[in-house]
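Subject: Structure handover

Hello,

Here is the structure you will be working with. My notes on it come after the coordinates.

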Amino acid sequence: MSTPYSGKMELHIPEPLLTTLQEIGNIAGENAYLVGGSVRDLLLERENLDIDIVVVGDGIQLAKEMHRVWKGKIQVHHQFGTASVTPENPDKPKVDFVTARCETYNKSGTLPKVVPGSITDDLHRRDFTINALAMQIDTSNFGTIIDKVSGIGDLRSRTIQVLHDKSYTDDPTRIFRAIRYACRYSFNIAESDCNLINDAIPYLSDISGERIRNEIDRVLLEPNAPKILNELAKFGILSVISPHWKIPPSFPEDFQLAQKAISWSSQSLENDSICSNMILWMTLFGRHEKQGIPTYIIEYLCFRLVLEHKLVKFFGDSKHRPSTFSSKELTKIQITNVGIDLSENVLLEHHNGKWCIIDYEKKKTIVYEEGIMYKIRSPFTTLQCLYSVLDSLNATITSSEIYRILKPYPLEALVLSISDPNISKIQYDNINEFLLTLRFIQPIISGNDLIEWGEKPGKNFESILKTIFSEQLDGNIRSKSEAYSYFKQKTDIG
């Protein structure tokens with residue numbers, strides 16, 4: 001390991017960051033430091049828009065003082081001793097202020113116990129040596145680097161390594177960050193860290209789905225996400241989350257398609273709230289089920305990682321409600337006893353307060369809670385389904401048929417498909433017609449109109465409304481009077 005370093009270094013600090021740091025230093029004196037990734041990227045001469053200031057004392061109080069100087073907005077989180085200030089001047093960066101702290105972990109994978117600490121304490125709680133750097137910003141010592149753990153040496157040797165041997169088991173999500181940083185900067189993970197990572201991987205099963213999802217969200221925001229995910233897969237990290245989670249071979253190509261789709265939607269659908277994150281996850285799961293992840297595995301991952309989904313009850317039997325079962329007692333036999341037929345190849349896992357049952361042979365995923373069975377419904381499964389119906393969008397299709405076929409799909413799946421260079425021009429034109437025109441058309445008539453025309457509410461109501469709306473979409477009905485004539489004609493014939 002390289003020796004620690006402290007001293008001034010030649011740094012190119014661009015405006016307006018330089019002025020911002022000097023203004024903070026003038027008010028805080030020796031109690032405030034630029035820390036972590038901000039210092040790392042300054043030394044690497046890389047842009048970093050996350051400006052983190054650690055304050056020995058009261059980070060919130062300093063944030064309030066800077067807010068009085070900069071105006072703008074302030075967000076305070078008293079429970080964490082943190083605050084964020086967004087200056088009124090749009091040229092000035094947003095700054096996060098954190099009270100220096102010391103952390104201790106009582107159990108692997110749990111959140112740490114936090115108490116106020118010194119700048120040395122705060123640096124020693126960080127994940128990697130290259131992130132355990134601080135820069136003084138007071139007037140007398142501005143630009144002085146504080147390096148207690150040889151972070152500068154590891155920057156020079158392009159090495160990723162943790163501060164102590166229990167770092168990965170204390171917080172297994174650091175495994176994601178180690179690989180992400182290594183791929184982002186073209187660094188090498190230290191051999192000792194590779195061994196520590198392998199030892200800590202089993203602890204990932206104890207990490208909440210939200211925390212794992214947050215780390216993968218960060219990976220998907222990286223320009224080289226396919227490379228990072230490939231490295232995660234090589235370490236066996238994805239298979240710990242789900243034994244059948246494999247990166248589709250088409251993901252590098254699909255990831256580029258996702259970037260294209262996000263760009264297209266921002267320009268063509270600027271008034272819609274398109275979830276870029278959903279587009280990225282959809283491509284991670286694969287566009288085609290033959291090459292991607294099976295639907296029942298996607299359903300499981302949506303439940304495990306708390307991606308958007310809903311549970312739809314499809315079975316419940318109060319006679320077998322297992323009120324005496326604890327969260328660790330449920331077995332395959334007990335599930336079978338309440339009426340669910342399972343194959344031999346079944347996985348039972350307890351997540352998010354419920355049981356998740358994956359039947360690999362029957363290719364289905366079920367959520368179980370207190371005698372009630374649920375199916376998982378998620379928009380993330382829809383892309384593969386959409387691709388299976390694209391052949392229906394042919395040259396002879398009517399507008400109403402386009403509407404009927406495409407209406408059930410989320411916008412994110414549709415913008416992915418329309419951005420795909422492999423779809424035909426006819427398919428492109430049909431999807432484009434739906435996105436830009438058909439989905440905005442409002443029905444000319446409502447149920448109240450049918451009542452006025454003498455139709456009694458009943459089973460035919462919805463069918464009549466759908467039929468008239470289809471005629472409207474196809475241009476055969478253009479006004480309420482034409483709708484009434486069509487209605488009378490059909491009822492008279494009927």
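Below are the notes on confidence, cores, pockets and backbone.

This is a predicted model, so local features are given only at pLDDT of at least 70 and side-chain atom pairs only at pLDDT 80 or more, while totals for chains, interfaces and linings use all residues. Residues are numbered from 1 along each chain as its sequence is written, and side-chain values use heavy atoms, with hydrogens and water left out.

Confidence. pLDDT is the predictor's confidence in each residue, from 0 to 100. The chain average is 91, and 91% of the residues score at least 70. Over residues 317-327 pLDDT stays under 50, and the model has 15 contacts (heavy atoms within 4.5 Å) beyond four places in sequence for that stretch.

Cores. A nonpolar core here is a set of buried Ala, Val, Leu, Ile, Met, Phe, Trp, Tyr and Cys residues joined through side-chain atoms within 4.5 Å. Buried means under 20% relative accessible area, exposed over 50%, and partly exposed in between, with a 1.4 Å probe and protein chains only. The largest core has 119 residues, and the members that touch the most others are Leu21, Ile24, Ile53, Phe97, Trp245, Trp281 and Leu435. Helix H7 (residues 174-185) gives the most to this core, eight residues. Helices (H or I, at least four residues) and strands (E, at least two) are DSSP runs numbered from the N terminus. Neighbours within four places in sequence aside, Trp281 is in contact with Arg213, Ile216, Asp217, Leu220, Trp245, Leu305, Leu307 and Phe380.

Leu438 sits in the loop between helix H19 (425-436) and helix H20 (447-452). Leu438 is buried, at a relative accessible area of 2%. Beyond four places in sequence, Leu438 is in contact with Ser399, Ile402, Tyr403, Glu433 and Leu473.

Pockets. On a 1 Å grid over the protein atoms alone, a pocket is an open set of points where a 1.4 Å probe fits, with protein on both sides within 12 Å along at least five of seven lines; lining residues have an atom within 4 Å of a point. Grid points are joined across faces, edges and corners, and a volume is the space filled by probe spheres set on the points. The largest pocket holds about 1,800 Å³. It is lined by 44 residues, of which Arg101, Arg125, Arg126, Arg177 and Arg218 are the closest to its centre. H7 gives the largest share of this lining, six residues. By class, the lining has 13 nonpolar, ten polar and 21 charged residues. Nonpolar covers Ala, Val, Leu, Ile, Met, Phe, Trp, Tyr, Cys and Pro, charged covers Asp, Glu, Lys and Arg, and the others, Gly among them, are polar. Arg101 lies in strand S7 and counts as buried at 18% relative accessibility.

The second largest pocket holds about 350 Å³. Of its 18 lining residues, Pro14, Leu17, Arg46, Glu47 and Asn48 are the closest to its centre.

Backbone. Glu15 and Pro16 are joined by a cis peptide bond, with omega about 5 degrees. Lys71 is not a glycine but has a positive phi of about 65 degrees; it is partly exposed, at 46% relative accessible area. Phi of Lys363 is also positive, near 55 degrees, and Lys363 counts as exposed at 59% relative accessibility.

Regards
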